[in-house]
Amino acid sequence: MAPFLAFPPRTVIKSHAPFSLPLFLLILAVILFSLLPLVMKGARYRLPSNHSGKKRLNSRPLPWWGKLAGLSLAVFWTLAWTRFDWFSPLQAHTFFPIWISLIIVINAITVKRTGACPMTASPRGFFLLFPVSAAFWWSFEFLNRFVCNWYYTGSQYPALTYFLLASLSFSTVLPAVESMKEYLASFERLHRGFRHCPALPRAAGKPLGGLFLASGCISLAFIALLPDPLFFTLWISPLFILLGHALVLDLPHPFDSVITGDLTPVVTYALAALCCGVFWELFNYDSLARWSYAIPYVQVLHIFEMPLLGYAGYLPFGLECAMIIHLVDHFKGSAQPAAA
């Protein structure tokens, strides 16, 4: 157990089961079967005849700090993908400034569209997401020791240095997803288009919560024994555990509205993580310090470094981000002193 308990958990390169066309098609079919109803629901939504989204979009200027962040993003993205000698001491450290810049840009665009954004509406809660995000992603780094589906290259550091630098980069995950979610929610089709889906009245209660908890814990236990066949459960099991915990203890969670047929939080958070995923893979593509993938059965049709079907993992990951963000909001609210 020593290699799995070592901290910080470092990624390793490991050989996996080769590409399998039948399994690739089966996984693709499951993904399409799961997503097609939502895609069709969104496509069928008709914008109100008095919709004034374009007028609203053009009615506000982009905040000055958004313009400054856009310039910063362009500069650090350029530095990340080039190899200037004078920049070589810092070449491996462009991830954090790129993502801080992008997060600020997304918030600025959201202000332009709606007049508010997470960064300015609740700065205390928003900046609390950064340390929580680092701890949150470290848990996935630990789970990856069992499946070895991604690994980092381009730089080597002592354990403490690696932990501090990696934590800095990991701290941007939840703020990025929350910012992207708020931006996507500013679009009428996503804001209202999924409010009237089929109700799921049984998507609550302790029995279902217990089932989720048991399924999540069992699959995580078996992932150590069968890492290749169960690699995909790394992205599903944490959601089952988080949601099952909330249902068993009758705690509020961000997906309460699915009982009445409102799937807006599900769609916006899942899509937000997918959009962030595209940016994560894009910025990673030609950076010096970067990650690569080794995924069993589906290691084909790469978009940047990620195999095509690997992007589906961002969808449940977005829901896990929502659960953690909701916990942070709940903690922030309970920590505030009561009004006199």
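This is a predicted model: local features need pLDDT of at least 70, side-chain atom pairs count only at pLDDT 80 or more; totals for chains, interfaces and linings use all residues.

A: Start with the lining of the second largest pocket. By class, it has nine nonpolar, six polar and six charged residues. The pocket's volume is about 320 Å³. It is lined by 21 residues, and T110, A116, C117, P118 and E182 are the closest to its centre. Several helices give two or more residues to this lining, including helix 5 (95–114), helix 7 (123–147) and helix 9 (173–185).

Now to the charged pairs. Side chains of opposite charge can pair when their charged atoms come close. The structure holds four salt bridges.

Take K181 and E182. Their side chains meet in a salt bridge, at 2.4 Å from N to O. K181 counts as buried because its relative accessibility is 12%, and buried means under 20%. E182 counts as partly exposed because its relative accessibility is 28%.

K181 also meets E178 in a salt bridge, at 3.8 Å from N to O. Both of these residues lie in helix 9. They are three residues apart, about one turn of the helix. E178 is buried, and so is K181.

Another salt bridge joins the side chains of E305 and R290, at 2.6 Å from N to O. This pair links distant parts of the chain, 15 residues apart. E305 is in the loop between strand 3 (302–303) and strand 4 (306–307), while R290 is in strand 2 (residues 290–293). Both E305 and R290 are buried.

Back to the shared partners: salt bridges join E178, K181 and E182 into one network.

Terms used: Residues are numbered from 1 along each chain as its sequence is written. Side-chain values use heavy atoms; hydrogens and water are left out. On a 1 Å grid over the protein atoms alone, a cavity is a set of points where a 1.4 Å probe fits but cannot get out, and a pocket is an open set with protein on both sides within 12 Å along at least five of seven lines; lining residues have an atom within 4 Å of a point. Grid points are joined across faces, edges and corners, and a volume is the space filled by probe spheres set on the points. Helices (H or I, at least four residues) and strands (E, at least two) are DSSP runs, numbered from the N terminus. Ala, Val, Leu, Ile, Met, Phe, Trp, Tyr, Cys and Pro count as nonpolar, Asp, Glu, Lys and Arg as charged, and the others, Gly among them, as polar. Buried means under 20% relative accessible area, exposed over 50%, partly exposed in between (1.4 Å probe, protein chains only).
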